[in-house]
Amino acid sequence: MRRFRLWPQSLVGQIIMLVAIALFVAQAINFGLLLQERNRLTLTAQTAPGVYRIVDALDNRGEPPAGNRPPRARFFNAPPVLKGDRRPEIERRALAMFADIGIPVLSVQVVEQSQTVPMRRWERARMRSLDDPRGPRGRRLTMAAQYQPGKWVVAQSRMGDRPPRFGGWLIAQTLILYAIVLLPLLWVGRRLARPLGQLTRSAQQFARTGSADAVEERGPGDVRDLTTAFNAMRSRIIVMLDEKDRMLGAIGHDLRTPLASLRVRAESVEDDGERARISQTIDEMNRMLEDILSLARAGRSSEAAQKVDIAALADAVVEDFIELGSPAEMADSERAVASVRPQQIRRALRNLIENAIVYGDRAHVSVAREDGAIRLIVADEGPGIAEERMEEMMEPFTRLEGSRNRETGGAGLGLALVRAIMAEHGGALKLVNRAGGGLEASLLLPV
């Protein structure tokens with residue numbers, strides 16, 4: 001089961017994610033700066049009416065108010081008693097504003113009160129137009145300033161109560177910014193990803209089969225240069241592989257001709273024992289030649305893949321060994337169909353069974369399904385292989401003992417050829433020592 005990853009694995013996905021994160025961080029910084037400036041302006045707007053009334057009262061001390069209007073500020077010769085919630089931030093802002101104006105103020109006290117405030121004429125007209133009989137529920141600031149020792153002036157002002165719309169506006173701005181930046185980036189990313197994806201698929205196909213179609217040269221300039229270089233490399237490798245196959249074919253033909261001639265001459269040897277040994281040596285050379293050529297051609301098989309029941313294929317191979325009198329057996333296994341090259345799988349299975357019989361006295365073959373794969377198992381009853389030599393045994397010309405006697409394992413190409421066949425099928429060869437003794441060799445085939 002694949003684990004969910006928040007971080008994308010593709011190059012385009014990572015670029016888009018990084019840009020999205022950068023935009024988010026930039027908008028967060030922008031939000032912080034705007035919020036700070038908005039709070040400063042809001043604080044100034046709340047403080048300015050009270051400061052204005054106190055300044056006006058101080059400038060017009062002793063003069064009667066114009067007309068019959070009540071005074072905007074009152075004077076006290078003792079500290080006034082203020083009821084409400086203390087607003088120290090407005091007090092600090094008021095002191096700064098008084099200092100900017102040039103009016104010496106010793107101290108400032110500000111409290112906030114929530115109450116129903118009288119409506120102005122434009123507010124009453126608005127209420128009537130909206131058919132809303134409710135009066136506004138506002139907030140009132142009371143500001144007291146000590147302008148001389150023991151002398152205070154007190155003024156009241158109203159605060160607005162409109163809900164802020166700052167957050168919604170910033171969210172809308174962020175979404176618009178994401179759309180403007182990320183949508184073109186997504187288009188560019190898809191334009192970049194298409195040729196890269198085709199290049200990846202072609203490289204994977206080449207790794208599996210030794211052949212692949214040329215990649216169309218399109219996309220940005222750097223990607224086109226990469227595609228051009230890949231196509232050139234592909235062409236050169238294909239030419240080299242074709243030359244190798246022709247060379248191997250020529251070598252195989254040239255070597256088989258003298259071996260056939262030696263077999264004819266061996267028939268003229270009168271001594272039966274000597275003739276048998278010569279024939280056995282020729283057969284050994286033929287088998288070794290076949291193994292070497294098969295390993296060299298691994299990955300460029302001309303056999304077409306087809307749907308095959310692996311259990312039936314294994315049963316047929318085991319029957320061949322049983323008919324020859326070899327100690328091999330096939331366990332009952334359920335049907336397991338996979339797309340394979342049958343002749344290659346038969347050859348890989350034969351090599352494993354031969355190794356099991358030679359090194360482990362007996363071969364036990366079974367087929368099982370597990371984790372979306374088919375496991376073709378060949379177990380023996382031998383001594384197994386030391387853990388540190390498991391990987392080494394799958395290398396060409398590597399054997400548990402150093403001789404090249406076919407009776408004890410041949411040239412050491414069997415497991416290397418099996419691993420090459422499994423790599424061409426997208427599978428794997430696994431070797432493990434059995435708990436009860438012996439070695440278990442498994443061919444893992446994808447379904």
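The legends below accompany an overall view and several close-up views of a predicted model.

**Figure 1. Overall view of the predicted protein, with its nine helices and twelve strands.** Of the 447 residues in the protein, 33% are buried, and the accessible surface comes to about 27,500 Å², with carbon and sulfur atoms accounting for 56% of that area. When contacts between residues at least 6 apart in sequence are considered, 66% of them join residues at least 24 apart.

Figure 2. Phe24 is found in helix H1, which covers residues 11-59, and Phe24 counts as exposed because its relative accessible area of 55% lies over the 50% cut-off.

**Figure 3. Close-up of the salt bridge between Arg86 and Glu91.** The closest N and O atoms of this pair are 2.4 Å apart.

**Figure 4. Close-up of the salt-bridge network that links Arg87, Glu89 and Glu112.** Within this view, Glu89 forms a salt bridge with Arg87, and the closest N and O atoms are 2.5 Å apart. Arg87 is buried, with 13% relative accessibility, while Glu89, at 26%, counts as partly exposed.

**Figure 5. Close-up of the salt bridge in which the side chains of Glu391 and Arg419 meet.** The N to O distance is 3.9 Å, a value that counts as a salt bridge because the cut-off is 4 Å. Glu391 lies in the loop between strand E10 (373-379) and helix H9 (414-424), and Arg419 lies in helix H9, so the pair ties together parts that are 28 residues apart in sequence. Glu391 is exposed at 53% relative accessibility, and Arg419 is partly exposed, with a relative accessible area of 29%.

**Figure 6. Close-up of the polar contact between the side chains of Gln344 and Glu424.** The two side chains make this contact at 3.4 Å. Gln344 has its place in helix H8, residues 342-360, and is buried, with a relative accessible area of 13%.

How values were computed:
Residues numbered from 1 in each chain as written. Predicted model: local features only at pLDDT ≥ 70, side-chain atom pairs only at ≥ 80, totals over all residues. Heavy atoms only, no water. Helix = DSSP H or I, 4+ residues; strand = E, 2+ residues; numbered from the N terminus. Buried < 20%, exposed > 50% of the residue type's maximum accessible area, 1.4 Å probe, protein only. Contact = heavy atoms within 4.5 Å. Areas by Shrake-Rupley, 256 points an atom, 1.4 Å probe, with all protein chains shown as cover. Polar contact = N/O pair within 3.5 Å; in protein donor to acceptor, adjacent residues only side chain to side chain.
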